[in-house]
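Have the model open and follow along.

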Amino acid sequence: CFLSFIVTYAQEAAAVDSIKNALSKASTVKEKVGLLDELSRTLMNVNPKEADEMGAKLITVAEESRDRKLMFKAYLSNGIRCTYFANQKSYSQKAIEFYNKALELARQNRMEEEVGAAQMYLSGINLMVPDKDKALSYATQAFSLISTLDNDSLRAEAHNTYGQVYLAKNENILALRNFLSALRIAENIKNASLIRNCYLYLSNF
């Protein structure tokens, strides 16, 4: 087990070096944001302090670009990164703060798909806190908005989010119904990664 940890750490450290090398050669803001996103999240298992620094740099680069989509991605990325350590209250609180920043930005700029995505992430992190009622509230808000949009992938994710909340609340029939709805949509649009996620959720039954 210890040997496995050493091998995994070495692989992640090598990945960090590779990403840093690519970052040093990146020429566009979009490339830098993508690589800083990947770097900050990979560093969480190697050097959390440096991960925080790269996460902050990611936000700075995105904000300086004034590109709202990149700014949203930067806030969301930092929320996802902090969610890795959601069992620690300081990190779960940081995740919620970053997701709320993403949500506020999306609302201010009428980015409806991004609003729905941020609400689903807020539902997920509140399940980990756990605050099941707040998780359900965000899931409901996300579903209500996403159901009006022409985005089947998001609609499937909204069903999966509902499913996770209902499963946590031991409302298994409602959970199963939503997971199956998500799977049906994923199969219709032939989204392989989404189909895989749906089966992972269904494996909980």
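## Where H2 meets H3

In this predicted model, H2 brings Val-29, Lys-32, Val-33, Leu-36, Asp-37, Leu-39 and Ser-40 to its contact with H3. On the H3 side, the partners are Ala-51, Met-54, Gly-55, Lys-57, Leu-58, Val-61, Ala-62 and Ser-65. Sort the residues of this contact by class and you get nine nonpolar, three polar and three charged.

Now for the geometry. The axes of H2 (residues 29-42) and H3 (residues 48-65) come within 9 Å and cross at roughly 160°. Angles over 145 degrees count as roughly antiparallel, so that's how H2 and H3 run relative to each other. Their crossing is left-handed.

## A closer look at H2

H2 is 14 residues long and spans 20 Å from first C-alpha to last, close to the 20 Å expected at 1.5 Å a residue.

Which residues of H2 are buried? They are Val-33, Leu-35, Leu-36, Asp-37, Leu-39, Ser-40 and Thr-42.

## H9 and H10

From H9, the contact draws on Leu-176, Phe-179, Leu-180, Ala-182, Leu-183, Ala-186 and Glu-187. H10 answers with Leu-194, Ile-195, Cys-198, Tyr-199, Tyr-201 and Leu-202. The class tally here is twelve nonpolar, no polar and one charged.

Notes:
Residues are numbered from 1 along each chain as its sequence is written. This is a predicted model: local features need pLDDT of at least 70, side-chain atom pairs count only at pLDDT 80 or more; totals for chains, interfaces and linings use all residues. Side-chain values use heavy atoms; hydrogens and water are left out. Axes are lines fitted to C-alpha atoms, for helices over the stretch in contact, and angles run from 0 to 180 degrees between N-to-C directions. Helices (H or I, at least four residues) and strands (E, at least two) are DSSP runs, numbered from the N terminus. Angles under 35 degrees count as roughly parallel, over 145 as roughly antiparallel, 65 to 115 as roughly perpendicular and the rest as oblique. A crossing is left-handed if the near helix is turned anticlockwise from the far one by less than a right angle, and right-handed if clockwise. Contact means heavy atoms within 4.5 Å. Ala, Val, Leu, Ile, Met, Phe, Trp, Tyr, Cys and Pro count as nonpolar, Asp, Glu, Lys and Arg as charged, and the others, Gly among them, as polar. The expected span of a helix is 1.5 Å times one less than its number of residues. Buried means under 20% relative accessible area, exposed over 50%, partly exposed in between (1.4 Å probe, protein chains only).
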